[in-house]
Structure formats: C-alpha cells, structure tokens
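Thanks for making time this morning.

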Amino acid sequence: ATTPSAKQALQEQLAPISTLQARFEQQVVGADGEVIQTLEGELAMARPNKFYWQSEAPDELTLVADGVAVYYFDAFVEQVTISDQHSAAGQSPFLLLLDAEATAWADYEVSQDGQSYTLAPTANAAQQQQLTLTFGAEQGQLESVVLTDGQGQQTQIQLAEVAMNLALPYTTFSYQIPADAMVDDQRAEPQL
Amino acid sequence: CATAPPPVSEDAVAPAAIARHQQHLAQLEQWQLQAHIALFNLTNDERDAVYLEWRQRPQQMQLRFYHPLKGTLARLEQTPLGATYYDEDDQAYYGSDAEQLVHRLFGYQLPLDLLQQVVIGQQPKLVSAPSYRNFSTSNGDLAPLASYHTKASEQQWHVQLNAYEVVNSKVYLPTAIALESALWRIKMRVRKWQL
C-alpha cells in the first residue's frame, strides 16, 4: 500500500537501529537477469549519517561516509574520490536510510509488502534509483537491500552475521587516505 | 586463469601457432566481457576507474559503465549507423562513431576501435616488435600476443596482454590488459568472458 503510513512504518522499523554491522554478499545483475559481478565484504552503519562499506579482493573498494564527506577508494586505480555527503545522499538511497530527517526522503514514495519496504523515486527526484529493504521477522534486523538503477542494473546485497546497536569504534567511520593514493576531491570547498 | 608462459619474440614462435590463434579469434562472431577499467590521463594526471559490461555483436558494440553502489553511470553504443552515448540520467548524445563522440563530449582521444581488437588479443594489421606467449594444447601450439606497438587515434600505443584465460575450453582470451601512449594509460582486468 502506498500510504504515508508505509513511510512512517519504515522509519519506525529503522528507528531502533542506532548501529548495524554485517558481512555482505553483493550481486550486480544485468538487464537480462544475469549476475555480472559478485562482491563480498563488510559494512557498518551508525545513524544518523555514518556508513562504511568495504569489498574484498579482487575488487578492493572502500566507501566511508563520515557524516560530512563520502570517501570512495578503488585500489585498481589507487585513487580516493571525496564528495560532499549531502549531495551523495541524493546519489545513493543507501545513505538516505541513515537519516530520518534527510530532505531526500521527500523524493521517495514508500510502499510496504510484509517485511519489505520499497522506496521508489518520485518523478522529479534527482536520481532514479529504487531501493527495497527487507527486515527479519523476529528481531527486525535488516536482511537484504536491493538497489535498482532505472537503467537495467540491479544490485542485490544480502547481509549476514548482522549485529545491531553495538558500540562501534570511532575509527570505523573516519577514513585514512592511503599514503600513495591519488586524491580526487570533488567537494564544493575541498579541505585537506 | 592460465599462468602465462614468458613472452618470446616473433622469431622464437612458429608462424603456424600465431596464425592458428588469430584464426580462432577471427571466428568469434560475438562475445561479452565484465571488466574493471582504469583510465590514467597522463597530461593532467587525472585518473578514473569504473566497472564495464561490454557486449560485442557483428554489427553492434555496447558498453555499459557502472558503479557497484550507484548503478549505471553511462552507456555507449555503436552500430554501422552511428554511435549513441547515454549519460547517468539516460540523456542521449549522438555521433558518427564512438571514438568521435567520446572526443567531442569529453575531449578525450581514446582508441576505442583499437580497443575492440586489443581486448580479444587480435593482432592489428600494422604492429611492430610483437612478442608472443606459446601455449601447447592438445590440438597444436597456440601463440597469443604478449605485447606490441601500434598506431591508433593519432597516437603510438604500447599494448601489453599480461594474462590469458581459456574460454569454453577452446580460445585463449586476455584477462589483464594494459595500453600506454604519451597521453594515456589504460588498464583492464577482465573478470568474466562469455562467448
């Protein structure tokens, strides 16, 4: 049902989650339903706006959102790309999850189907990614996230070993730029 | 992934082994690859890496660039009628061919025609100082290219094919590719081949 209550129900489902840690297996599926990439790694979230996602070799990628900036490191090109988080939240609904007050919520209609919630972008939303979250029935922990990019790609992220509301070390969300990495600073006012 | 035997010069390889491998490639009507591609602009020291889904058909080349979390970043398609580039918001731009379109949109002189040959290990007509790797197989030796120099998009390129994989237990295709000119360095790690 696409009713304001679905958005409320989702925000209530998210409310008790202050931190979350998990291992993930991520599959990128092409337009014809074929798996074109599989990544594995670890992710962590701390509301309202901190996020950590790291995939293991051979695809060594790291994404850290510290509430102000998003750092994306790709070992293959030895480069860290830094962008402002507020513009990034619009880029990936994953970051939207964290911040109940984020204005970007207005860009989504939320529908509910049992334990699954789908955030579909409204017509004038900046970007066209759709997000579906599925929660566990018992403890309400996040089980899977599916991102559809509106151009035929679907990213399915399955979570395992989910731990919620544990204290996370501060360093989890403060990204240390590798010494030999190139920095591509795309922030409005780059500060290094 | 087959560990590659050491590269040897042209005179250390049987011409039949070179021809046999190139013949296998010539028979490839269509193929598809998933890769990670990194682009180093040597003039302004900028670089970028994206994931790439590449579908090649006799009359059609389709490239899709994507990010693991953000999804599709752009698509580039080329047919005999011309080329089309779709940006992140699916906005389309048209050109006579992919190389010309990319140059017009981004000012990059990228060797997309050469790349279509490089990624499968096909030997361009005009190469210098080629080296090969000799694989002995049940039906005769095969000598895929290891490295060579060639000219494309008004640049001199040094191409290196550093690792190969046997696909459908029949044809050797590259999985680690590097191209370098005075202006660009391009490296590709091919994750998956499909014929």
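Predicted model: local features only at pLDDT ≥ 70, side-chain atom pairs only at ≥ 80, totals over all residues.

Let me begin with chain A, where an open sheet of twelve strands runs in the order β7-β8-β9-β10-β11-β1-β2-β3-β4-β5-β6-β12, with mixed pairing. At its edges stand β7, residues 108-113, and β12, residues 182-185, and each of these pairs on one side only. If you look across this sheet, neighbouring strands are turned against each other by 15 degrees on average, with direction ignored.

For a detail of the pairing, take strand β8(A), residues 116-121, which is joined by four bridges to strand β9(A), residues 130-135, the two running antiparallel. Within that pair, L119(A) has L131(A) standing opposite.

Between the strands of chain A there are two peptide bonds I would ask you to look at. One joins R47(A) to P48(A) and is cis, with omega at about 5 degrees, and P48(A) has its place in the loop between β2 and β3 of chain A. Another cis bond runs from A57(A) to P58(A), again with omega near 5 degrees, and here the proline, P58(A), sits in the loop between β3 and β4 of chain A.

There is also a charged pair inside this chain, a salt bridge between E40(A) and R23(A), whose closest N and O atoms are 3.8 Å apart. It links distant parts of the chain, since E40(A) belongs to strand β2 and R23(A) to strand β1, 17 residues apart.

Now to chain B. Here too we find an open sheet of twelve strands, in the order β1-β8-β11-β12-β13-β14-β2-β3-β4-β5-β6-β7, but with antiparallel pairing. Why does one side of β1(B) and of β7(B) lack a neighbour in the sheet? These strands, residues 8-9 and 92-95, stand at the edges with a single partner strand each, so one side of each is left without a neighbour.

Going towards one end of that order, strand β5(B), residues 71-79, and strand β6(B), residues 82-86, run antiparallel and are joined by five bridges; in this pair R75(B) has Y86(B) as its bridge partner. Helix α1(B), residues 15-26, touches β8, β11 and β13 of chain B, and its direction makes about 95 degrees with that of β13(B). Helix α2(B), residues 98-106, touches β4, β5, β6 and β7 of chain B, with about 125 degrees between its direction and that of β7(B).

The hairpins of chain B deserve a moment as well. Strands β11(B) and β12(B) pair in the antiparallel sense over six bridges, with S147(B) partnered by Q160(B), and the hairpin they form has two residues between the strands, where S153(B) takes a positive phi near 50 degrees. Strand β12(B) also pairs with β13(B), antiparallel and over nine bridges, and in that hairpin, with three residues between the strands, N168(B) has a positive phi near 50 degrees. A further positive phi, of about 60 degrees, belongs to D45(B), which is not a glycine and which lies in the loop between β2 and β3 of chain B.

That brings me to the interface. How many residues of each chain are in contact with the other? There are 32 residues of chain A touching 32 residues of chain B. Together the chains bury about 2700 Å², of which 47% is on carbon and sulfur atoms. On the chain A side, I36(A), F76(A) and Q151(A) lose the most area to chain B, together 30% of what that side buries.

The rule finds three salt bridges across this interface, one of which joins D59(A) to R191(B), with the closest N and O atoms 2.7 Å apart. There are also 16 residue pairs in polar contact across it. Among the elements of chain A that give two or more residues to this side are β1, β3 and β11, while the largest share, four residues, comes from β2(A).

Terms used: Residues numbered from 1 in each chain as written. Chains lettered and ligands numbered in written order. Heavy atoms only, no water. Contact = heavy atoms within 4.5 Å. Buried area = accessible area lost by both parts, 1.4 Å probe. Salt bridge = Lys/Arg side-chain N within 4 Å of Asp/Glu carboxyl O. Polar contact = N/O pair within 3.5 Å; in protein donor to acceptor, adjacent residues only side chain to side chain. Pairing = 2+ DSSP bridges. Axes fitted to C-alpha atoms, helices over the stretch in contact; angles between N-to-C directions.
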